[in-house]
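Biologist: I would like to go through the labels attached to this model and hear what each one rests on. Please set the values against the cut-offs.

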Amino acid sequence: MVSERRDPPFGGSVVFLLMNLPLGVLAFGFLTALVSAGVGTAVVWVGVGLLAIVVLGVRGAARLERARVYALLDRYIDLPYLPLPAGKQSARWKGRLKDPSTWRDLAYFALLFPVGLVEFVLVTTFWATSLALAFLPIYFRWLPGGEYRFPDWETPWLTVDSTFEALPWAALGVLFIALSVALTKALAGTHARLAHALLGPTVGQRRRMERWWADVEEKNLVAG
């Protein structure tokens, strides 16, 4: 189930997009370090424990990520996991490894770093340009020489040294702010759809969960 709200909130979108890069770096470092160490030492069984930590860590982090998407973007993502079988730990681990959601969680965090990098660059570039243009009539007088030179001080293609000259650029900055708001919401909405596609249940998983709960209910009725 996804929230019916079409656009994510602006403030939450900004915070969410700026968080994605550092979280992506952490996820990338965690996955590369433990997966490489786990695969390299699997023959001596130490690696099996490291890979088990990866599985548990990814599934736990995916729960936190669903909560983050809901808190900041107002998009609710259902849990896709089937209940683990009762009994031995080996059967429960087999259930985790056979669950496609485990691998889709892993794919999400593997993609979070490159996706977060693109989002961070776009958001910071657009907002830095927009605000620099919009407030140019205020701060140009405190620049070296009391003027703004574009693109740099040595080879200026244009020079702004008065409030009157800065006003058209401020108007352009206001337009860029509107574009930046639209871009921020669009990026956040696209990321929310990516999160829902990888962290949410598929149609097949929903049907399996419905059958599982129907079987549980039937057994409880028979037992009662």
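This is a predicted model: local features need pLDDT of at least 70, side-chain atom pairs count only at pLDDT 80 or more; totals for chains, interfaces and linings use all residues.

Biologist: Why is Tyr 70 called partly exposed?

Modeller: Its relative accessible area is 47%. Buried requires under 20% and exposed over 50%, so Tyr 70 falls in between. Tyr 76, at 37%, is partly exposed too.

Biologist: What makes Tyr 70 and Tyr 76 an aromatic pair, and what is its geometry?

Modeller: The ring centres are 5.8 Å apart, and the limit for a pair is 6.5 Å. The planes make an angle of 85 degrees; over 60 counts as edge-to-face, so this pair is edge-to-face. The whole structure holds four aromatic pairs.

Biologist: How do you know which class the pair of Tyr 108 and Phe 109 belongs to?

Modeller: By the angle between the planes, which is 85 degrees. That is over 60, therefore the pair is edge-to-face. The centre-to-centre distance is 5.3 Å, within the 6.5 Å limit.

Biologist: Are Tyr 108 and Phe 109 buried or exposed?

Modeller: Tyr 108 has a relative accessible area of 1% and Phe 109 has 9%. Both values are under 20%, so both residues are buried.

Biologist: Where do Tyr 108 and Phe 109 stand in the largest nonpolar core?

Modeller: They are among the residues with the most contacts inside that core, which has 24 residues. Phe 16, Val 69, Leu 73, Ala 195 and Leu 199 are also on that list. Helices H1, H2, H4 and H6 each supply at least two residues of the core.

Biologist: What does Leu 73 touch?

Modeller: Leaving out residues up to four places away in sequence, its contacts include Pro 8, Pro 9, Phe 16, Ala 188 and Ala 192.

Biologist: What makes you say that a charge sits over the ring of Trp 93?

Modeller: The charged end of Arg 96 is 4.7 Å from the ring centre, and the distance limit is 6 Å. The charged end of Arg 141 likewise sits over the ring of Trp 142, at 6.0 Å from its centre.

Biologist: How does the radius of gyration of the chain stand against that of a compact globule?

Modeller: The chain has 25 Å, whereas a compact globule of 224 residues would have a value near 17 Å. The C-alpha atoms fill a box of roughly 85 × 45 × 20 Å along the principal axes. Of the 224 residues, 30% count as buried.

How values were computed: Residues are numbered from 1 along each chain as its sequence is written. Side-chain values use heavy atoms; hydrogens and water are left out. Rings of Phe, Tyr and Trp (its six-membered ring) pair if their centres lie within 6.5 Å; planes under 30 degrees apart count as stacked, over 60 as edge-to-face and the rest as tilted. Buried means under 20% relative accessible area, exposed over 50%, partly exposed in between (1.4 Å probe, protein chains only). A charge sits over a ring if NZ of Lys or CZ of Arg is within 6 Å of the ring centre and within 35 degrees of the ring normal. A nonpolar core is a set of buried Ala, Val, Leu, Ile, Met, Phe, Trp, Tyr and Cys residues joined through side-chain atoms within 4.5 Å. Helices (H or I, at least four residues) and strands (E, at least two) are DSSP runs, numbered from the N terminus. Contact means heavy atoms within 4.5 Å. The radius of gyration is taken over C-alpha atoms; the globule rule is 2.2 Å times the number of residues to the power 0.38.
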